[in-house]
Amino acid sequence: MSVAYNRFVCPGRPVLQQFPAVERKTSALQCELVRKGRLDFKASASSSFTGSGADYSEPLSTAQKKKGRKIAGIDQDELVDPKLLADPDSCFCEFQVLQLHHKICDSESEPQDLLHDETISKKLKFPLILLHGFGASLFSWNAVMKRLANVSGSKVLSFDRPAFGLTSRVNNPFNHAPAGAIQDTKPLNPYSMVFSVLATLYFIDFLAAEKAILVGHSAGCLVAAQTYFQAPERVAAMILVAPAIVAPFTSPKKVKENNREDGSKSDNIKNPFFSLLSIVSKFSRFIAQTVMHLLKGMANMVNSLYKKALSAFFRSSVAVMLVRMVIGKFGILAIKNAWYDASKVTDSVLEAYTRPLRAKGWDRALVEFTAETVASSLPESNPPLQERLSEITCPVLVITGDSDRLVPSWNAMRLSKAIPGSHLEVIKKCGHLPHEEKPDEFVTIVDNFLTRVFGRIESQPLQAAT
């Protein structure tokens, strides 16, 4: 109906002269409303022809259509290749099946007016690699990236992790394999944690560095920690900002009863009653442990089936629709909620955060990322990350905002205690984004940490925190 209407209605002639049937059956009031544009002609004509709207549905106006297709203010009918959204200083490099969007800052190439009062006492031999959090992009580091290059005297690189920012997307991660790969081997899912770890190691090589200092924010801290466990010899230090790593609860130390048992052996030998009681007690513990292991195995099986079903759901078209709805309804709110002072979230900040929503395939990639995250949380042979924190031996700095609503500061404090020798800094009146909300204080804290650790002044490398 819309095509016919656009084709046959001539702007130079009155509408009702072109449709005599409508003129005969339309009241004078309807004619006047149509002429003034206050009544939709197609709805009026439809009711005049049939007496109801059963044969002709009333289409949405152009404005209504655009509103319905917009997510966080972004028209979803005008999605483009991510490279068309890049900044002048953006770079792209091919890794596996993706084009990774990244930026590099070098203090030696920065204009002098950007140095402010910061001086480089000694150039670090290790570059810094910045890893953003979930739903963010390398834009998150814009306020501190150049300054970190200046205070460290080294290169600083940030990149958009797969599924985020302007890094390219793939429609089906399981049907893509890098050039030259063996056909029989299963392609690596670009939205997996393993892929992000390999991409991080790739950028260390890209910078021609032996080691790098990994700076992670929120979920980016998971990538930093997993990269360390994958190749600890490539990580010089870690800076974990508002770390989305669930810290382990400190369990009370078990009281050793070896001495008491040893001291009572002679009595048990002499007293058959105590010997029998000891045997029954040990047998009971054995039965209890066996039952607990059985129940745990059943729970893991049920949990595995549940996660597999959930993962399958995330890869459905319904999940894509739900992701669009959630981002459209809560995306802007989530950004503002991450700040202590939401009034500092300017239009330019919102534009930068929502720009990736203009990239083709952003929704499907986000769904695939979520599905892979769920699938990778299935029980594995490797110990959970929380149980391996005590194995970290490189210097670690943990930074948190005292008013973080997304990852509470108490979790960061507990995490710092779980990592031997780590150093904790709490920024006052700050939310989930210390490097965006308090960039001056953030850079100062990082600068002091690098000075202590890498001896830019006469001091020993940081050891156990007191």
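Q: Is alanine 163 buried or exposed?
A: In this predicted model, alanine 163 is buried, with a relative accessible area of 4%. Its place is in the loop between β6 (156-159) and α8 (193-206).

Q: What is the phi of alanine 163?
A: Alanine 163 has a positive phi of about 90 degrees, although it is not a glycine. Most residues other than glycine have a negative phi.

Q: And where is glutamine 96 found?
A: Glutamine 96 sits in the loop between β3 (91-95) and β4 (98-105). Its phi is also positive, at about 55 degrees, but glutamine 96 is partly exposed, with a relative accessible area of 30%.

Q: Turning to charges, how many salt bridges are found in the whole structure?
A: Eight. Among them, aspartate 87 pairs with arginine 355, the closest N and O atoms being 2.9 Å apart. That pair links distant parts of the chain, 268 residues apart. Arginine 355 also meets glutamate 351 at 3.3 Å, N to O.

Q: Which residue forms a salt bridge with aspartate 89?
A: Lysine 103, with the closest N and O atoms 3.2 Å apart. Aspartate 89 lies in the loop between β2 and β3 and lysine 103 in strand β4, so the pair ties together parts 14 residues apart in sequence. Lysine 103 is buried at 6% relative accessible area, whereas aspartate 89 is partly exposed at 45%.

Technical notes
Residues are numbered from 1 along each chain as its sequence is written. This is a predicted model: local features need pLDDT of at least 70, side-chain atom pairs count only at pLDDT 80 or more; totals for chains, interfaces and linings use all residues. Side-chain values use heavy atoms; hydrogens and water are left out. Helices (H or I, at least four residues) and strands (E, at least two) are DSSP runs, numbered from the N terminus. Buried means under 20% relative accessible area, exposed over 50%, partly exposed in between (1.4 Å probe, protein chains only). A salt bridge is a side-chain nitrogen of Lys or Arg within 4 Å of a carboxyl oxygen of Asp or Glu.
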